[in-house]
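Here is a short report on one protein structure. Take a look at the model before reading on.

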Amino acid sequence: MTLDPLPKYRFLVTLDPGDAYLPAAQALLLPLAASGAFQEVTGLGAQLEVVSYPEGGRNDSVHQLPLRHSWNRITLKRGVVRDPGLWAWYQAGLADSLGARRDGAVIVLGPDGVPGAAWAFHGGLAAKWSGPDLHAEQNAIAIESLEIAHEGLTKVLQDAAANALPRLSQGR
């Protein structure tokens with residue numbers, strides 16, 4: 001195992017099928033679905049809200065107590081394609097009162113194409129879709145973006161990420 005930092009330009013994004021909230025035994029039978037080539041993924045992160053609690057009679061410090069944990073929204077950006085996948089997921093969430101939830105993962109590949117790190121998100125909702133900015137004077141690709149609000153990230157072990165790659169290539 002090499003300890004060199006991973007490049008940020010080689011990555012995969014996977015989304016589980018829309019009916020991924022089945023009983024566990026049935027959900028394992030559903031393959032991961034690669035959802036397309038994305039040019040940018042941002043928002044992998046979390047924060048812990050902390051409240052200051054000054055203790056009476058103690059003037060040299062203030063206690064820092066954990067209050068609430070929250071997850072950043074993951075933003076996916078890609079060129080607009082004829083496939084309505086991201087838009088359809090967003091619209092499905094509008095039609096369902098609890099939203100159309102999906103699990104997924106962001107997998108960072110090493111220079112050799114082998115997964116080096118992966119984060120899985122859980123209970124993702126397509127919270128915001130943005131269409132392209134259009135300019136008649138520019139010769140650029142039209143970019144759409146989708147923000148995913150989710151209920152948590154899990155750092156996937158390297159072995160599990162490496163095992164997921166053959167399943168992804170089989171679906172293509």
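## Ground rules

This is a predicted model: local features need pLDDT of at least 70, side-chain atom pairs count only at pLDDT 80 or more, and totals for chains, interfaces and linings use all residues. Residues are numbered from 1 along each chain as its sequence is written, and side-chain values use heavy atoms, without hydrogens or water.

## Helix α2

Helix α2 spans residues 85–95, and its buried residues are Leu86, Trp89 and Tyr90. Seen down the helix axis, they fall within an arc of 95 degrees, so they line one face of α2. The arc is taken from the directions from the axis to the C-beta atoms. The face turned away from the buried side carries exposed Leu94 and Ala95. Buried means under 20% relative accessible area, exposed over 50%, partly exposed in between (1.4 Å probe, protein chains only). Helices (H or I, at least four residues) and strands (E, at least two) are DSSP runs, numbered from the N terminus.

## Aromatic rings

Trp87 and Tyr90 have ring centres 5.9 Å apart and planes at 35 degrees, so this pair is tilted. Trp87 also pairs edge-to-face with Trp129, at 4.8 Å and 70 degrees. Rings of Phe, Tyr and Trp (its six-membered ring) pair if their centres lie within 6.5 Å; planes under 30 degrees apart are stacked, over 60 edge-to-face, the rest tilted.

## Glu144

Glu144 lies in strand β9. Glu144 is buried, at 5% relative accessible area. A polar contact of 2.8 Å joins its side chain to that of Trp129. Such a contact is a pair of N or O atoms within 3.5 Å; within protein, one must be able to donate a hydrogen and the other to accept it, and residues adjacent in sequence count only if both atoms are side-chain atoms.
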